[in-house]
Amino acid sequence: MKEYEELGYMEPVNSQQSKQPCYFLPHHAVFKETSTTTKTRVVFDGSAKTSNGLSLNDILQVGPTVQPDLYSIVLRFRTQQVCFTADITKMYRQITVHPQDRNLQRILWRYSTEEPIQEYQLNTVTYGTASAPYLATRCLKKLADDDRCHHPQSAQVLSNDFYVDDLLNGTPTLEEAIHIQQELTSLLDSAGFTLRKWASNHPSFMDNIPTDLKERNQTLSLANDNGVTTLGLLWIPTTDQLQVRNNTTQVPTTDATGSTKRKVLAITASIFDPLGPLSPAVIAYKTFLQKLWQDKLQWDEPLPMHLQQEWNHLHQTIPTLSQIKINRKVLCSNATNLQIHGFCDSSEGAYGACLYIRSTDSNNKTFCELLCSTSKVAPLKKLTIQRLELCAATLLAKL
């Protein structure tokens, strides 16, 4: 909070401002031990109801999505030879809010219990308000549009390869990657944004990055999430592989006898698998959850013994999933021929589909990798295998 005040992100409210209509944001600290930069963050609650029953987020317009979805960004990320990642330092905090609106971002704060409680107002876009993601990403979009004629390549990257504040990009050659890095850094610097935590699968690319702006972790999350994620994708730049993340310390607790439908759903929903390499494991959790619906269990009702035993066995497989690794790169260098091969199948309980990409170079060397997959639980109403296989074929066509 001291840093907020020193950097101008917040300031004390004077006597004249205190008479204006305002909204006070509750706030608390969140600790993220895995972060290499900011382990303690402040989270503001724009959804807290006021005396009239409305919150700030209730009356804010959210704004449309202006960035591509994470799925397409990660797919493109897997097709490049030289890839790199970075993020924008304190992106929300680099964007000022109009002075007329700052009264709606008031907080109460004091640095010790011996001081009187004081009113402050937040001067910048605040995480926890409904419009914050749109305001921040729209600024990046505006910056790209304004500079497109001068830096078309970096403007394209800014428009298409950022997921909130995270950059995931790549190029066919090292020279092109270095050029984009330099141009993109200059473009963002012009608007007060600093790119940091750079990582790449190519050591020569990293030689151009100042030490203080390099990522210190050897594994990088391919998700922008501040919540609890049991499983997700990590990128290991040194080996250029994607690995399943296992935050065992964050897995919702379960014991041999006390699991409920609520706990099972919490663990199942926390699995983050955008491209579907975990589909064979995820579908097992989903089919088990379907059994709980069939048995019409209440949310906090203990599972029957036979279901509890099945869940214990399933839940114990979470740590072993972290042994899964797949190649990040799905194309060979200088590919002369590209093919996409799709497969689908069904059983009585579920059906799924997957795509493989096959590339061939000028030496007729073939490279084949799993690109993505998806799966669905079969409906409760019993269908014939033939009809379920048609459902799988439809799923593949959509994929």
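1. Basis. The model is predicted: local features need pLDDT of at least 70, side-chain atom pairs count only at pLDDT 80 or more, and totals for chains, interfaces and linings use all residues. Residues are numbered from 1 along each chain as its sequence is written, and side-chain values use heavy atoms, with hydrogens and water left out.

2. Helix 8 and helix 9. Helices are DSSP runs (H or I, at least four residues), numbered from the N terminus. The axes of helix 8 (residues 261-269) and helix 9 (residues 279-294) cross at roughly 155° and come within 10 Å. Axes are lines fitted to C-alpha atoms over the stretch in contact, and angles run from 0 to 180 degrees between N-to-C directions. The two helices are therefore roughly antiparallel (over 145 degrees). Their crossing is left-handed, meaning the near helix is turned anticlockwise from the far one by less than a right angle.

3. Residues of that contact. Helix 8 supplies K261, V264, L265, I267 and T268; helix 9 supplies Y285, K286, F288, L289, L292 and W293. Contact means heavy atoms within 4.5 Å. By class there are 8 nonpolar, 1 polar and 2 charged residues. Ala, Val, Leu, Ile, Met, Phe, Trp, Tyr, Cys and Pro count as nonpolar, Asp, Glu, Lys and Arg as charged, and the others, Gly among them, as polar.

4. Helix 9 and helix 10. Helix 9 also packs on helix 10 (residues 305-315), at about 165° with the axes 11 Å apart. That makes the pair roughly antiparallel. This crossing is left-handed too. A284, Y285, F288, K291 and L292 of helix 9 meet L307, E310, W311, L314 and H315 of helix 10.

5. Helix 5 and helix 6. The axes of helix 5 (residues 152-160) and helix 6 (residues 174-189) come within 9 Å and cross at roughly 75°. The pair is therefore roughly perpendicular (65 to 115 degrees). Q153, S154, A155, V157 and L158 of helix 5 touch E176, H179, I180, E183, L184, L187 and L188 of helix 6. These residues are 7 nonpolar, 3 polar and 2 charged.

6. Second largest pocket. About 260 Å³ of space lies here. A pocket is an open set of points on a 1 Å grid over the protein atoms alone, where a 1.4 Å probe fits, with protein on both sides within 12 Å along at least five of seven lines; lining residues have an atom within 4 Å of a point. Of the 16 lining residues, L60, V97, Q105, S131 and L135 are closest to the centre. Helix 4 (residues 132-146) gives the most to the lining, with 3 residues. The lining has 9 nonpolar, 6 polar and 1 charged residues.

Definitions and conventions: Parallel < 35°, antiparallel > 145°, perpendicular 65-115°, else oblique. Points joined across faces, edges and corners; volume = space filled by probe spheres on them.
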